[in-house]
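Subject: Structure handover

Hi,

Here is the structure I promised you. Please open it beside this email and follow along.

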Amino acid sequence: MSQAQFIVSVALVLVMVGLSLMIGGLGSFWERKISAWIQDRIGPNRVGPRGLLQFMADGVKFFFKEDIIPANVDKVVFVSAPLMVLIPAMITFAVVPLGRPFIWAGEQLMFQIANLNIGVLYILAMASVGIYGIVFGAWASNNKYSLMGGLRASAQMISYELSLGLSLVAIVLVAGSLSLSDIIAGQTGYWFGVLPKWNVFCQPLAAITFIIAMFAETNRLPFDLPEAEQELVGGYHTEYSSLKFAIFFLAEYINMFLQSALAVILFFGGWQFPGLELLPKTLWVSLLSFGVFFLKALAFMFLYNWVRWTLPRFKYDQLMRIGWKRLLPATLANVFITAVWLAVTA
Amino acid sequence: MAINVGRSKKLTLAERFYFPAILTGMKLTLRHMFSKKITLQYPEEERDFLPNYRGVHRLNKGESDRIKCVACEMCASACPAHCITIKATEVDWEDRDKIPKIFEIDELKCIYCGYCVEACPKDAISMTRLYHMVDRNREDMVFGLDKLLSIYDETKDEKTLDGEDFGVGDEQRRPVDLTSWQKPAPVSPAIGTTSAGGGH
């Protein structure tokens with residue numbers, strides 16, 4: 001890696017760490033606002049202008065709350081479990097292409113932290129590691145309700161990761177590479193001059209299954225039984241208070257943002273927008289493409305919230321049935337059809 | 001008694017995906033997102049209460065600015081919370097022998113039921129639409145005679161809950177018409193005629 005690329009990568013690391021923390025804060029604020037608007041009410045609007053500093057008030061609240069560690073918990077695991085959820089979520093951003101490559105002093109620099117040629121595999125691996133944190137937190141809590149929540153969460157996430165992965169396999173077949181930048185590069189151009197060559201148009205079934213699986217991966221309604229506020233108190237994060245709870249909370253939002261970013265990259269062209277190919281390959285255009293990518297990911301965050309207040313929660317058996325008996329055959333069929341099509345037309 | 005809902009329509013394959021239902025639901029939530037919000041921003045906006053709202057009490061004044069109350073203690077007897085304390089004193093006016101020397105309502109004990117207003121024969125006590133009652137100690141929330149009269153001075157022109165709202169004089173409140181709720185008498189096939197009038 002050249003020196004300039006290293007500098008870009010380090011700068012992007014700092015940006016993404018900061019952005020992740022901001023997503024946790026502003027994400028929770030916008031979630032409350034949009035949830036309120038859907039329910040015909042106004043959300044928080046007292047702290048700061050139009051309520052925008054509400055997340056800072058929440059942060060201060062989390063800092064000053066009493067940090068309770070129950071008596072019979074496994075202390076080491078209990079304290080480290082939230083980090084085991086947060087860290088995989090944050091380091092997955094390393095392979096996410098954030099913007100268009102640009103030319104600086106004669107060389108082409110990638111606007112991403114690391115251009116792994118097995119990007120998709122890395123993402124699936126990190127998503128799996130994130131499940132450990134939830135199970136550890138649930139188990140270490142010494143609380144049967146947390147345990148139930150944690151087990152349900154892990155079973156749910158494992159089941160839907162299969163469908164997630166198989167949707168990705170279809171995309172990888174279409175793109176011919178596991179690297180996320182190549183997948184985006186495969187989505188340049190237009191059909192009939194006007195329709196962008198986004199994967200959502202040529203792989204609609206994979207898009208639908210990915211979006212359904214992404215809701216299940218992040219434990220969001222309609223798949224949020226692990227948190228099931230009305231049934232399990234708090235699920236796996238019942239016993240957590242103050243900062244440890246804040247970290248679980250933050251990790252959930254970062255996961256949501258990550259999955260949204262993935263959906264954008266895999267199906268909606270990533271940082272591309274119509275007209276981008278006319279612009280020169282400078283740093284400013286890369287920043288513009290980053291802005292477009294961010295907006296697209298925010299649209300998916302809005303989708304998360306929108307669906308949350310539309311659908312009722314699935315029962316656990318319904319959830320598992322959908323994961324194994326409906327989604328998995330659909331994604332398998334999609335992979336099969338894609339493979340046959342590519343073999344026939346190649 | 002079993003009620004047959006009659007769900008004979010089986011879902012089609014497309015319906016079983018639930019996608020159309022989900023999209024309909026999402027359209028509904030989106031519509032709500034852009035509709036008018038019903039939140040009331042207190043304290044900048046306050047609710048406008050109906051005229052019959054039961055708020056803080058006041059003692060009414062009659063002609064020549066004299067208190068209407070005759071210290072008969074009917075309100076104190078009617079009060080379920082026993083929050084009214086009255087001590088009468090003699091007075092030599094043309095229409096009464098007594099007026100209250102001490103008339104205290106403990107607004108914290110009061111349950112705001114309005115029985116005192118209903119019980120008063122002289123329309124001397126009413127309930128206003130004031131509801132902001134904040135103070136720093138319990139003693140100040142026991143409203144005395146002067147406080148209750150000063151509330152009258154403040155709300156003189158407003159419509160308050162008076163005794164008239166419970167019926168005027170001996171006239172009872174108009175009863176609800178129950179005859180419209182009575183089921184018609186069943187037809188008796190043996191006799192061949194309908195029974196007359198409302199049975200029971």
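A crossing of two helices is left-handed if the near helix is turned anticlockwise from the far one by less than a right angle, and right-handed if clockwise. Keep that in mind for the helix pairs below. Note too that this is a predicted model.

**Chain A: helices 5 and 11**

Start with helix 5 (residues 144-175) and helix 11 (residues 316-345) of chain A. Their axes are 9 Å apart, and the packing angle is about 15°. Angles under 35 degrees count as roughly parallel. Helix 5 of chain A and helix 11 of chain A are therefore roughly parallel to each other. Which hand does the crossing of helix 5 of chain A and helix 11 of chain A have? It is left-handed. The contact of helix 5 of chain A with helix 11 of chain A has 17 nonpolar residues, eight polar and one charged.

Now pick one residue, Val335(A), in helix 11 of chain A. Setting aside neighbours within four places in sequence, Val335(A) is in contact with Leu166(A), Val169(A) and Ala170(A). A residue needs 20 or more to be buried.

Val335(A) and Tyr253(A) are 82 residues apart in sequence. In space, their C-alpha atoms are 30 Å apart.

Helix 1 (residues 3-38) and helix 9 of chain A pack at an angle of about 100°, with axes 9 Å apart. That makes helix 1 of chain A roughly perpendicular to helix 9 of chain A.

Next, look at helix 9 (residues 242-267) and helix 10 (residues 283-308) of chain A. They pack at about 120°, and their axes are 8 Å apart. That makes helix 9 of chain A oblique to helix 10 of chain A. The crossing of helix 9 of chain A and helix 10 of chain A is right-handed. On helix 9 of chain A, the contact residues are Met256(A), Phe257(A), Ser260(A), Ala261(A), Ala263(A) and Val264(A). Facing them on helix 10 of chain A are Phe293(A), Lys296(A), Ala297(A), Phe300(A), Met301(A) and Tyr304(A). The contact of helix 9 of chain A with helix 10 of chain A has 10 nonpolar residues, one polar and one charged.

**Chain A: helix 4**

Helix 4 of chain A covers residues 119-140, which is 22 residues. It reaches 32 Å from first C-alpha to last, close to the 32 Å expected at 1.5 Å a residue. Just after helix 4 of chain A comes Asn142(A), with a positive phi of about 60°.

**Chain B**

How many helices and strands does chain B have? There are five helices and five strands. From the N terminus, the order is α-α-β-α-β-β-α-β-β-α. Chain B has 200 residues, and 16% of them are buried. Take the contacts in chain B between residues at least 6 apart in sequence: 68% join residues at least 24 apart.

Some backbone details deserve a stop. Most residues other than glycine have a negative phi, and most peptide bonds are trans. Look for the exceptions here.

- Pro43(B): the peptide bond from Tyr42(B) is cis, with omega near 5°. Pro43(B) sits in the loop between helix 2 (19-33) and strand 1 (57-59) of chain B.
- Glu73(B): phi is positive, about 65°. Glu73(B) lies in the loop between strand 1 and helix 3 (74-78) of chain B. Glu73(B) is partly exposed, with 18 other C-beta atoms within 10 Å.
- Tyr112(B): phi is positive, near 60°. Tyr112(B) is in the loop between strand 3 (98-106) and helix 4 (115-119) of chain B. Tyr112(B) counts as partly exposed, with 14 C-beta neighbours inside 10 Å.

**Where the chains meet**

The contact takes 10 residues from chain A and 11 from chain B. The chain B side has five nonpolar, five polar and one charged residues.

Best wishes

Terms used: Residues are numbered from 1 along each chain as its sequence is written. Chains are lettered from A and ligands numbered from 1 in the order in which they are written. This is a predicted model: local features need pLDDT of at least 70, side-chain atom pairs count only at pLDDT 80 or more; totals for chains, interfaces and linings use all residues. Helices (H or I, at least four residues) and strands (E, at least two) are DSSP runs, numbered from the N terminus. A residue is buried if 20 or more other C-beta atoms lie within 10 Å of its own, exposed if 12 or fewer, and partly exposed in between; C-beta atoms are placed from the backbone. Two residues are in contact if their C-beta atoms, placed from the backbone, lie within 7 Å. The expected span of a helix is 1.5 Å times one less than its number of residues. Axes are lines fitted to C-alpha atoms, for helices over the stretch in contact, and angles run from 0 to 180 degrees between N-to-C directions. Angles under 35 degrees count as roughly parallel, over 145 as roughly antiparallel, 65 to 115 as roughly perpendicular and the rest as oblique. Ala, Val, Leu, Ile, Met, Phe, Trp, Tyr, Cys and Pro count as nonpolar, Asp, Glu, Lys and Arg as charged, and the others, Gly among them, as polar.
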